[in-house]
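Here are some exercises to work through with the model open beside you. Try each task before you read its solution.

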Amino acid sequence: MARKNSNDIMDKIVSLCKRRGYIYPSSELYGGLTSCWDYGPLGAELKRNLKAYWWDAMTNRRDDIEGLDAAILMHPEVWRTSGHVDEFVDPMVDCKTCKMRYRADKLAESTCGKKPSKTPLECGGELTEARNFNLMFRTFMGPIEDSSSTVYLRPETAQGIYVNFLNVKNSSRQKIPFGIAQIGKAFRNEITPGNFIFRTREFEQMEMQYFVRPSEDDKWFEYWRQERWDWYESLGINVDKLRWHEHGNDELAHYAKKAFDIEYEYPFGWQELEGVHNRTDFDLDRHMEATGKDLRYYDEQRKEKFVPYIIETSAGCDRTILTILVDGYDETEVKGEKRVFLRLSPRIAPIKAAVFPLVKKDGMPEFAGKVYEELKKQFKVFYDESGAVGRRYARMDEAGTPYCLTIDGQTLEDETMTVRERDTMKQTRMKIAEAVDFLSEKVR
Ligand code: ATP
């Protein structure tokens, strides 16, 4: 039963995303491409806003973190050194009965191809022995396709940061502790992608690597756990649906001393949203060994040289978008009618406000047009004059727009308008001249 309900909600979200232009299946004209999705007009805006919100919190508002935008294609040796060529594998099993392929460590969360109400552990299908499958996408650089020209699409953005550690340190003159933040695409040839944009083969990561004195790793690890938790809270995510999961010894990656995931309770269960990892000196050590370059940090005051430890915060951008959509999706009955609300934080909502003339006459459209033109200079706003105002509110509620500003007869007399809030559906009157300050305060 739980499985059916969860599918119901996910189906509704997928259909809302398609209908309102948040997310479409990739190459839909050609029947789609498994696990690939395109962000439509509202989705592209939401994603831009989310990334900007993360970037702002992780770089602009801090003095100790620098930004970076490294190339997706890197020297192939980077991935040998990092351990990805040998160890970035998932165990895979095939079902001889339904011919489906599963991740051996996720069987309890997978769905049988023939009996969707059952997992592959329950359906009675015969599974093969697990074998390892490397998740890195490979391609060739230049015209000759052989092993000497093999390059990889990066499976994480972190390595781009490690190999630029010295560059950033020298050009920014940061002193430890300091961090490097990056947002960018990553690619993993996942065995079982799915749950809409939760697990895809092409996705974006928002990662920050914080370089610290080895003896201070535990302190900074706890600091970043708190910071990242607070960030989700500041986005308005329901904290009752967030929890920490500590990696046990059997789950810890080969490079990690300690790892905690922030998990969210999706309709399909508790799953990882972001990882906070203590990667020790593993990465810099390995790159130092492989290249012979000295990546140690020299502390001038203490006259000490050491390889910094790294505390990593690694979030999926698309997974955060899914979290925001799931968390904000709400069906409420309004005047006997079931209505959909997308309760997105004004900070990241694609459209910050809609501007309506109450009716299409008496100079209201012209007045509303002027308000719209003025607000457009600073915010993403939307003008709509078609249909009854109630329907226009409903369309905006479903699109996640937090405010609707309506120009009516009284506006023409005293230059006030109504401001209607999506979440309370309350309307208040406000001077038009105050609208910019009002929206600024809400969205920034
Ligand atoms: P999982 O156990 O779910 O495969 P992971 O532990 O391999 O994830 P990390 O390598 O820690 O994930 O990646 C950091 C973040 O990147 C994850 O918390 C997630 O938000 C995001 N991420 C990882 N893989 C994917 C994917 N295939 N699709 C979308 N987002 C992903």
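**Exercise 1: the largest pocket**

Find the residues that line the largest pocket and pick out those nearest its centre.

Solution. The lining of the largest pocket has 49 residues, and Arg 103, Lys 106, Arg 188, His 247 and Glu 272 lie nearest the centre. A pocket here is an open set of points on a 1 Å grid over the protein atoms alone, where a 1.4 Å probe fits, with protein on both sides within 12 Å along at least five of seven lines; lining residues have an atom within 4 Å of a point. This is a predicted model, in which local features need pLDDT of at least 70 and side-chain atom pairs count only at pLDDT 80 or more, while totals for chains, interfaces and linings use all residues. Residues are numbered from 1 along each chain as its sequence is written, and side-chain values use heavy atoms, with hydrogens and water left out.

Next, take the volume: the largest pocket holds about 1400 Å³ of space, counted as the space filled by probe spheres set on the points, which are joined across faces, edges and corners.

Then sort the lining by type. It divides into 21 charged, 15 nonpolar and 13 polar residues; Asp, Glu, Lys and Arg count as charged, Ala, Val, Leu, Ile, Met, Phe, Trp, Tyr, Cys and Pro as nonpolar, and the others, Gly among them, as polar.

Finally, trace where the lining comes from. Strand β13 gives the largest share, seven residues, and the elements that each supply at least two include β10 (202–212), β12 (258–266) and α9 (317–328). Helices (H or I, at least four residues) and strands (E, at least two) are DSSP runs, numbered from the N terminus. Domain 1 (2–82 + 139–326) and domain 2 (89–134) each contribute at least three residues to the lining, with bounds from an automatic or database domain assignment.

**Exercise 2: the buried side of a helix**

Which residues of helix α6 (residues 165–172) are buried, and what covers them?

Solution. Start with accessibility: Phe 165, Val 168 and Lys 169 are buried (under 20% relative accessible area; exposed is over 50% and partly exposed in between, with a 1.4 Å probe and protein chains only). They sit on the same side of α6 because they cover an arc of only 100 degrees around the axis, taken from the directions from the helix axis to the C-beta atoms. Now look at the cover, which includes α5 (158–162), β9 (178–187) and α8 (282–291).

Move on past the helix. Arg 173 follows α6 and has a positive phi, near 55 degrees. In the loop between α6 and β9 you reach Pro 177, and the peptide bond from Ile 176 to Pro 177 is cis, with omega near 5 degrees. For background, most residues other than glycine have a negative phi, and most peptide bonds are trans.

**Exercise 3: a tryptophan in a strand**

Is Trp 270 buried or partly exposed?

Solution. First place the residue: Trp 270 belongs to strand β13. Its relative accessibility is 27%, so Trp 270 counts as partly exposed. Then list its partners. Leaving aside neighbours within four places in sequence, Trp 270 is in contact (heavy atoms within 4.5 Å) with residues including Asp 240, Leu 242, Arg 243 and Tyr 264.

**Exercise 4: two loop residues**

Where do Asn 195 and Lys 303 lie?

Solution. Asn 195 is in the loop between β9 and β10, and Lys 303 is in the loop between β14 and β15 (304–306). Check phi next: the value is positive, near 55 degrees, for Asn 195 and likewise near 55 degrees for Lys 303.
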